[in-house]
Amino acid sequence: MTIPAILTSPGMIIKVEQEDSTIKSEFTAGYVNRRARYTRRRDKWSFEKAAADSTAVLELQTFYDDELGGGADSFDWVNPIDSETYTVYFEKPPVYETIIKRDGVTWYKVSEIILVEQ
């Protein structure tokens, strides 16, 4: 399985957040009871790239559709921030917008690639 280059390419903005694993119960007197829902908190990475060419977008879409069965399967991904390997899945299908077509190349803004730790 070949991971698309766009998931590790320079110029990619990566937002990191942790899953909220807290259950909150509110009472009529205004008190809030909180407890952990899970024994661990999973990480989530959101990717954004201002300009990706049509080759990168096609590679990403082919990976998602063909190698991951439309996002049903997980895969091992090396995080470029900490160089650790994580088993992740796509939270939803990738989203990209066409920016411009210049000199026969279509450029896209990639704004919603979200990977979640398995």
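Is Glu-19 buried, partly exposed or exposed? Glu-19 is partly exposed, with a relative accessible area of 23%. Here buried means under 20% relative accessible area, exposed over 50%, and partly exposed in between (1.4 Å probe, protein chains only).

The model is predicted: local features need pLDDT of at least 70, side-chain atom pairs count only at pLDDT 80 or more, and totals for chains, interfaces and linings use all residues. Residues are numbered from 1 along each chain as its sequence is written, and side-chain values use heavy atoms, with hydrogens and water left out.

The whole structure holds 5 salt bridges. A salt bridge is a side-chain nitrogen of Lys or Arg within 4 Å of a carboxyl oxygen of Asp or Glu. The table lists some of them, including the one made by Glu-19.

| Pair | N to O distance |
|---|---|
| Arg-42 and Glu-19 | 2.5 Å |
| Glu-91 and Lys-44 | 3.1 Å |
| Lys-92 and Glu-112 | 2.2 Å |

Lys-92 sits in the loop between E6 and E7, and Glu-112 in strand E8 (residues 105-117), so this pair ties together parts 20 residues apart in sequence. Strands (E, at least two residues) and helices (H or I, at least four) are DSSP runs, numbered from the N terminus. Lys-92 is partly exposed at 32% relative accessible area. Glu-112 is partly exposed too, at 28%.

The side chains of Glu-91 and Lys-44 also meet in a salt bridge. Glu-91 lies in the loop between strand E6 (85-90) and strand E7 (95-102), while Lys-44 belongs to strand E4, 47 residues apart. Glu-91 has a relative accessible area of 40%. For Lys-44 the value is 22%.
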